[in-house]
Amino acid sequence: MYPEKLNQIIELFESLPDAEKRELLISYASAAMKQGPRDGDTFDLEDERKDEECTDTVGVFLQVSPQRACAFRIKLGPQVQTLTKAMTAILCKGLEGLTPEQITEVPADFVPKIVGADLVRQRSQTVYYILTRMKGIARVWLNRERSAAPHGA
Amino acid sequence: MSEKNYAHPEALVSTEWVAAHLADPHLRIVESNEDILLYDTGHIQGSVHIDWRSDLQDQTIRDYINPQQFAALCERNGISNDTTVIFYGDKSNWWACYALWVFRLFGHTKVKIMDGGREKWVAEQRHLTRAVPHFVHGHYTPPETRSDSEIRAFYDQALAQSRAGMALIDVRSPAEFRGEVTHMPEYPQEGVLRGGHIPGAASVPWKMAVKDDSTFKDISELRQIYEDEAGLKPGQDVVAYCRIGERSSHTWFVLTYLLGYKNVRNYDGSWTEWGNRVGAPIERS
């Protein structure tokens with residue numbers, strides 16, 4: 001149902017008691033600040049913007065290999081909430097290597113399985129935002145690929 | 001805080017003051033945030049975490065906990081009836097003010113806000129720890145009732161305030177006030193069916209009361225904002241509202257403690273109640 005790497009992360013979270021789940025989320029949140037673009041990185045698409053739906057600027061950078069495997073880099077502004085930071089690191093790891101089509105088909109219903117129902121609530125809904133942005137940039141890449149293809153291909 | 005000439009300067013403490021009183025046994029420092037995991041990432045040494053939703057609200061109906069639950073919450077956080085509670089948090093102290101306001105609902109008057117909140121503490125590169133403190137349970141005698149009538153307004157009271165032409169302060173963003181958006185800037189929709197504001201309300205966004213470093217503006221600036229520009233007068237009955245009562249708690253604190261207004265109520269049902277209520281009158285401008 002879920003991509004393999006993401007499923008492994010989901011299963012790990014589901015096996016943990018709440019306290020350890022929180023610790024792991026914080027660990028992922030710390031790792032999120034290392035998910036930004038690095039010197040020398042090149043990307044097929046870059047989408048950095050401040051949306052109404054999120055508390056700070058988020059940059060999503062997509063590289064697609066000749067084998068159509070996606071790699072994401074994500075830059076987060078300092079006001080992004082801790083849960084959203086954690087979800088960023090989880091998604092960068094869990095969706096790595098998928099094709100753009102597979103990215104667009106990832107269901108969002110795994111979020112409560114990772115975060116826990118208590119933490120997904122009013123004022124923490126931005127946990128879904130990063131996945132939406134990743135799917136969005138994958139769709140743009142696919143549209144460009146289709147536009148560039150010879151007619152009838 | 002006396003240099004700012006607030007009506008109740010004792011209701012604010014500085015980050016310096018808190019840093020110098022971390023070991024004071026008569027104090028309890030409480031962090032309350034919107035970011036639910038922020039406390040876990042690091043907090044002021046000795047501070048406890050009180051969550052606006054899971055600790056202060058009833059988990060079934062939209063209301064606050066009862067006096068017995070409040071006493072139990074205080075006791076497990078090492079708070080007794082005579083403990084002075086210092087609140088701080090993210091978002092320029094929105095939720096710290098909200099938690100303080102809920103403590104006042106239960107008659108706990110020894111409360112203060114750390115001016116500038118978590119942002120200022122972090123900006124000053126003061127120490128944060130991940131160690132969760134453990135205290136000997138406090139002894140808290142619960143109040144007989146929750147004092148909703150003094151500082152809390154309900155829908156009918158806000159409606160009466162509107163119909164009587166009395167002071168209503170809408171502390172949301174200008175676009176929310178005008179009804180152009182039904183969500184708070186930078187946040188998803190929170191389930192409101194209609195946009196606009198309560199008829200007769202004045203728009204004074206909460207943020208007008210703070211400086212860039214999240215500390216409160218001085219008394220002369222606050223008077224200019226709330227009295228010269230919004231038309232409030234000392235002694236007036238005022239009702240403040242936002243979407244769920246947290247930003248209006250911030251304004252309630254400003255009006256009550258910094259400007260010294262004696263009859264300010266926070267309408268915590270706010271726009272998520274009013275904007276969904278069948279037949280509630282709405283103004284758009």
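Reader: At what angle do α1(A) and α3(A) pack, and how far apart are their axes?
Author: About 135 degrees, with the axes 7 Å apart. Axes are lines fitted to C-alpha atoms, for helices over the stretch in contact, and angles run from 0 to 180 degrees between N-to-C directions. That makes α1(A) oblique to α3(A), oblique being what is left after under 35 degrees (roughly parallel), over 145 (roughly antiparallel) and 65 to 115 (roughly perpendicular).
Reader: Which residues make that contact?
Author: K5(A), L6(A), I9(A) and F13(A) from α1(A), and I90(A), K93(A) and G94(A) from α3(A). Contact means heavy atoms within 4.5 Å.
Reader: Before I go on, what kind of model is this?
Author: A predicted one: local features need pLDDT of at least 70, side-chain atom pairs count only at pLDDT 80 or more, and totals for chains, interfaces and linings use all residues. Residues are numbered from 1 along each chain as its sequence is written, chains are lettered from A and ligands numbered from 1 in the order written, and side-chain values use heavy atoms, without hydrogens and water.
Reader: Switching to α2(A). Which residues are buried?
Author: K21(A), L24(A), L25(A), I26(A), Y28(A), A29(A) and A32(A). Buried means under 20% relative accessible area (1.4 Å probe, protein chains only).
Reader: What do they pack against?
Author: In chain A, α1, β3, α3 and α5; in chain B, α2 (38-41).
Reader: And chain B's sheet, what's the strand order?
Author: β1-β5-β4-β2-β3, open, with parallel pairing. Strands pair if DSSP finds at least two bridges between them.
Reader: How many bridges join β4(B) to β5(B)?
Author: 3. F87(B) has I113(B) as its bridge partner in β5(B).

Methods. Buried < 20%, exposed > 50% of the residue type's maximum accessible area, 1.4 Å probe, protein only. Helix = DSSP H or I, 4+ residues; strand = E, 2+ residues; numbered from the N terminus.
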